[in-house]
Amino acid sequence: MKPFTKEEGLVAPYDKANVDTDEIIPAEYLKRIERTGFGQFLFYAKRFNKDGSPNPDFVLNQPRYQGASILVAGPNFGCGSSREHAPWALEDYGFRAIIAPSFADIFTNNCAQIGLLNVVLPEDRVKQILRDVEAREGYTMAIDLENQTVTDPFGHVDRFDIDPFRKHCYLNGLDAIGITLQHEDAIRKFEVQRSRRMPWLPVFSR
Amino acid sequence: MPKTIIDKIWDDHLVYSASGEPDLLFVDLHLIHEITTAQAFDGLRMNNRTVRHPELTLATVDHNVPTTPGRLVTDPIAKTQIETIGRNVRQFGIHFEDMFSQRQGIVHVIGPELGASQPGMVIVCGDSHTSTHGAVGALAFGIGTTEVEHVLATQTLPQKRPKTLKIEVNGELPLGTTPKDLILGIIRKIGVSGAVGHAIEYCGSTFRSLSMEGRMTVCNMSIEAGGRAGLVAPDDKTFAYLEGREYAPKGADWERALDYWRSLPSDPDAQFDRAVLMDAAEIEPFVTWGTNPGQSVPVTGRVPDPAEFDDEMVRGNAERSLKYQDLKPGTAIEDITLDKVFIGSCTNSRLEDLRLAASVVRGKKKHPHVTALVVPGSMKVKAAAEAEGLDKVFTEAGFEWREAGCSMCLGMNPDVLGPGERCASTSNRNFEGRQGPGGRTHLVSPAMAAAAAIAGHFVDVRTWS
């Protein structure tokens, strides 16, 4: 995956709680077997009118948010379906980080697999950022993962928490499968013990 | 130290553990389907990796397959996706219940049905409703595609140990209410993010009394409260359910498995990170009015006024929900009329669900303005229902009777709501556009859905005849 160290970019607001992954990308667009190109379907039902033309009222269609790389949203972002297509769509669209008071568990794991950073800030602070973004055109933020800080255009610095191992993987763009395969001996040992201890466990023939 | 069932299963699957790193867990059963796997298999090929344990992997197709007789796939993109999983399982030697198998079905219906899902197992699948398998006493959770690739390649998954949440409900479910109402009631109480970061153990006398299929309905919707996993400790009901099923242990293995399974329930003094206590008497037939599964009221209630909510975010969400749902505050739920009724999905498509719906429908006709669809969760459920004549009960009432699949739960196969159409659905999500762009969903139990199909609007199954 792509490493994440720093990101300074335009911020787009998504002022809503419980944004579900069906909203991020409707199921209709999950039928493709490729891993790329999902950005065109991001927030599809909101972003486009029924005739496929862009909905001018939708936040990401506003000229002032073109080129945004940081999304700020309400709590429990990414709830619902486990579709990794949701982070793929956000990333393919151009987002490198999402700031919210909380994230759904599966979504946040999926983001970590592809280097799309999730930054958790207190709800009141997120509300303030959403107001500031609205009030000031060209609002940018700088995220520094090494130092775990987010700096707003007024120079205000927020510190955020992140699991140290997850941070390490983001910073270095580590492939989780590669890390796991370093534990080959432990896996082998477990497999041997498992078949001895629980011989009843089901197996499926081709 | 006394342990919860969640910690017992976790500890028995620890391959590797070091401070400052996620635990590496062994996966006993990996269920796969067409939607979240193509890119994972591509990843394997790209990195010259293979499937470490094809014999611990079980594949089917459920999400995008048509449920009409003959199953003609006309959508070329869906067709490619179905062909792709067929090719991938052949290349890697994985057992596959294809679209025409008599054992095909929704992945979360066939796992328990075949006896593949067993107590104490770690089960994963690239689908958030994997929590369903918790009903047999397994730790089961949904994962994304990269994690699917991880499990295919290593049969393990690095995971942070979840916090534990005990949800204890006591008492008998009131007459006319179902396990679906129970889980809607739980989500209503704790909220759609109430269990984020937690694995849930459902316990208390209400769960002891529930059938296995009822437990599946509850565990299924754990994710709707934000919990990745939800389980019920195995008991004699679990063992009776599993005994004799195709992949259940046999003979001496059965006895050995039983000994282990009996050791799984949480120790009496086990500590949970959080606990919620409820009385089953609080449960009523619930109907969701909004666009998340926590937004529900009893069928006798009214659509709430967003102004009643103090929290700005909750109020904003309620306003948006009502606008999308085209509902006015104060509308009586029983006055909401319907265009479609969907009985199916991994939440409510098992034999008991169909029996319950049929008992409401028997001898009646659907409302002329309503299109009603019954979609069994698996081909085995379908066959069992037909052996009891349930298909006739539905078709004589004007309902459509289909082949197994996810169908109208998620708007990615031919069964979808049209823009503005309103549906009483036994599925699990009422998100905007979930059942099709512009479609409006109300989540209910199979009994409530069946009654609504007859009446043309919601009715209280407790008093309706």
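Reader: How many bridges join strand β10 of chain B to β11(B), and do they run parallel or antiparallel?

Author: Strands of a sheet pair through backbone hydrogen bonds, either parallel or antiparallel. In this predicted model, β10 (residues 198-203) of chain B is joined to β11(B) by four bridges, and the two run parallel. Within this pairing, Tyr202(B) has Val232(B) of β11(B) as its bridge partner.

Reader: What is the order of the strands in the open sheet of chain B?

Author: The order of the four strands is β11-β10-β9-β12, with parallel pairing. At the edges stand β11 (229-232) and β12 (274-279) of chain B; each has a single partner strand, so one side of each lacks a neighbour in the sheet. From one strand to the next, the twist averages 20 degrees.

Reader: Is Thr347(B) buried or exposed?

Author: A residue is buried if 20 or more other C-beta atoms lie within 10 Å of its own. Thr347(B) has 31 within that distance and is therefore buried. Thr347(B) belongs to the loop between β15 (340-343) and α12 (351-361) of chain B. Leaving aside neighbours within four places in sequence, its contacts include Lys180(B), Thr217(B), Asn220(B) and Ser427(B).

Reader: Which element gives the most residues to the side of chain B that touches chain A?

Author: The size of an interface is often given as the accessible area lost when the parts come together. Here the description is by residue contacts: 69 residues of chain B are in contact with 54 residues of chain A. On the chain B side, α5(B) gives the most, with seven residues. By class, that side has 29 nonpolar, 26 polar and 14 charged residues.

Terms used: Residues are numbered from 1 along each chain as its sequence is written. Chains are lettered from A and ligands numbered from 1 in the order in which they are written. This is a predicted model: local features need pLDDT of at least 70, side-chain atom pairs count only at pLDDT 80 or more; totals for chains, interfaces and linings use all residues. A residue is buried if 20 or more other C-beta atoms lie within 10 Å of its own, exposed if 12 or fewer, and partly exposed in between; C-beta atoms are placed from the backbone. Two residues are in contact if their C-beta atoms, placed from the backbone, lie within 7 Å. Two strands pair if DSSP finds at least two bridges between them. Axes are lines fitted to C-alpha atoms, for helices over the stretch in contact, and angles run from 0 to 180 degrees between N-to-C directions. Ala, Val, Leu, Ile, Met, Phe, Trp, Tyr, Cys and Pro count as nonpolar, Asp, Glu, Lys and Arg as charged, and the others, Gly among them, as polar.
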